[in-house]
Amino acid sequence: MTKIRAAITGINAWVPDYILTNQELETMVDTSDEWIITRTGIKERHILKGEGKGTSDLGAEAVKGLLKKTNTDPLDVDLVILATVTPDMLFPASANIISDKVGMKNAWSYDLNAACSGFIFALDTAARFVETGKYKKVVVVGADKMSSIVDYTDRTTCIIFGDAGGAVLLEPDTTGYGMIDSKFYTDGSGLIYLHQKAGGSLKPPSHDTIDAREHFVFQEGQSVFKFAVKGMADVSVEMMKRNNLESEDVAYFVPHQANLRIIDATARRMKLDNDKVMINIQRYGNTTNGTIPLCLDEWENKLKKGDNIILAAFGGGFTWGAIYLKWAYDPEN
Ligand code: UT7
C-alpha cells in the first residue's frame, strides 16, 4: 500500500498593525534598544490592541487568508488544531471559536498546549490524522496574544514577546513529499523556570493573585536559555543524523524565534550557513506559537518542491522537538 504522508499545501500568517518598538519600551521600563538587540536580536513586535480581541482573532485572520490563498472551501475542512498558551477563555477551546468565525462548520476542533513548541506538536499530531487516510484537509493554527499575559512593568520579559497567528493546510500526499520524521521531548521539572503562577486550578484568580501580579509570564531567563540552547540544538542534530542529512542536504532550518543567540547556537551545531536559517525575530519578537508559521509564510516564495526542511522549537514545560519534512509545492511565480 502507498504510504500516505501529511504535506503542507498552504501557509498564511497574520500580525496586528500596532508596532511596539524598543524605543517605546525604553519609555515604559528601564531598558535600552542596545541591550534588547544585543541580548535577544529583537527590534520590534506587533501587539493586538483594542477591547474584545483575543487569540481567536489572530488565528481567524490567519486561517481566512490561508483558505483564500489555497482556494479551500471552509466547509471542506475536516479538523482544526490550535496551538496556543493564550486561549480566549479557559474553555471552550479557541479552535472552536476560530472555526465558527471562519465558517469551518464541518470541522471538529481542539486546542493543544505545549508552550513555544505547540505549533510543531500540533503539526505532528495533525499529521497522524492525515496519515490514516480519513482526513483530507486539516488546518493547524499557531496563535498567541502574548501581550495578554505579559507584565509591561517587568523588563526581563516584556521586551521579548509579541502577538501573531499563523496557519497551515495539511493534505495527504502519496508521492514522497510531506512530513517524514519527528521527535519530541517533555520534561515537567522545567516548570519552575517558566510558567504563569495563577489563573489555573492550582491557584484560581483572586484579589491576592492579581495584587501579586501572578497572571503574567514568569521566567528565569538564564536557566531557560541554557536548556533551550541544548534542547533545540541536540534535537535538530538528532533529526539530521537519523535521516542521514548533511548540512548541504538541508534547504532551510525553521527555528522557534525565542532569542537570536539560541538560533545562532543551534545553526552552528547543525553546521548551517546563515542563508539557510529563517530568522525574523527582529520584527516580531517571540510570538510563542506564531513563530514557525510566521517564518514559513515569509519564506514561502523561496521554498521549492522537494526542499528538505527542519523545524525545531523549545519552550515552557519544558517541551522541545523537531520535524523533518519535504516541502510539497513550488512558488506560484
Ligand atoms: O520561548 C520559550 C523559551 N524562552 C526562551 O528561550 C528565553 C531564554 N532566555 C533568554 O532569551 C534570555 O535569558 C533573556 C533575553 C530573557 C535575558 O538575557 P540574558 O542575557 O540571559 O540576561 P540576564 O537575565 O542574565 O540579565 C543580565 C543583566 C542583569 O543585570 P545584572 O544582574 O547583570 O546587573 C539583568 O537585570 O541584564 C539585566 N536586564 C536588563 N537590562 C536592560 C534584564 N532585562 C533587561 C532589560 N534591559 N530588558
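Let's start with Asn259, which is buried, with a relative accessible area of 8%; buried here means under 20% relative accessible area, exposed over 50%, and partly exposed in between, with a 1.4 Å probe and protein chains only. Before I go on, a word on the source: this is a predicted model, where local features need pLDDT of at least 70, side-chain atom pairs count only at pLDDT 80 or more, and totals for chains, interfaces and linings use all residues. Residues are numbered from 1 along each chain as its sequence is written, and side-chain values use heavy atoms, with hydrogens and water left out.

Back to our asparagine. Asn259 is found in the loop between S11 and H9; helices (H or I, at least four residues) and strands (E, at least two) are DSSP runs, numbered from the N terminus. Not counting residues up to four places away in sequence, Asn259 touches Arg39, Thr40, Phe225 and Ile281, where contact means heavy atoms within 4.5 Å.

Which end of H9 does Asn259 cap? The N-terminal one, with a side-chain oxygen 2.8 Å from the backbone nitrogen of Arg261. I'm using polar contact for a pair of N or O atoms within 3.5 Å; within protein, one must be able to donate a hydrogen and the other to accept it, and residues adjacent in sequence count only if both atoms are side-chain atoms.

Asn286 places a polar side-chain atom 2.8 Å from an oxygen atom of the ligand, and for Trp35 the distance from a polar side-chain atom to a ligand oxygen is 3.3 Å. On its own the ligand has 950 Å² of accessible area, and the protein covers 75% of it; these areas come from the Shrake-Rupley method with a 1.4 Å probe, and for residues only the protein chains shown count as cover.

How many residues surround the ligand? There are 23, and the closest are Thr31, Arg155, Gln222, Asn259 and Asn286; a residue is near a molecule or strand if one of its heavy atoms lies within 4 Å of it. By type, the shell divides into 10 nonpolar, nine polar and four charged residues.

Where does the shell come from? Helices H2 (33-40), H6 (155-158), H8 (221-242) and H9 (260-269) each supply at least two residues, and H8 gives the largest share, five residues. Domain 1 (5-177) and domain 2 (180-326) each contribute at least three residues to the shell, with domain bounds from an automatic or database domain assignment. The C-alpha centres of these two domains lie 14 Å apart, and their contact takes 49 residues from domain 1 and 48 residues from domain 2.

Now let's follow H9 along. Its buried residues include Ile262, Ile263 and Ala265, and the buried residues of H9 pack against H8 and strand S11 (252-255). After H9 comes Lys271, with a positive phi near 60°. Lys271 sits in the loop between H9 and helix H10 (281-284) and is exposed, with a relative accessible area of 65%.

Buried or exposed? Thr288 counts as buried, at 3% relative accessibility.

Most residues other than glycine have a negative phi, and most peptide bonds are trans. On the second point, have a look at two places. The Phe91 to Pro92 peptide bond is cis, with omega near 0°, and Pro92 is in the loop between strand S4 (79-83) and helix H4 (94-102). The Gly317 to Phe318 bond is cis too, with omega near -15°; Phe318 lies in the loop between strand S12 (308-315) and strand S13 (319-326).

Note on methods
Nonpolar A, V, L, I, M, F, W, Y, C, P; charged D, E, K, R; others polar.
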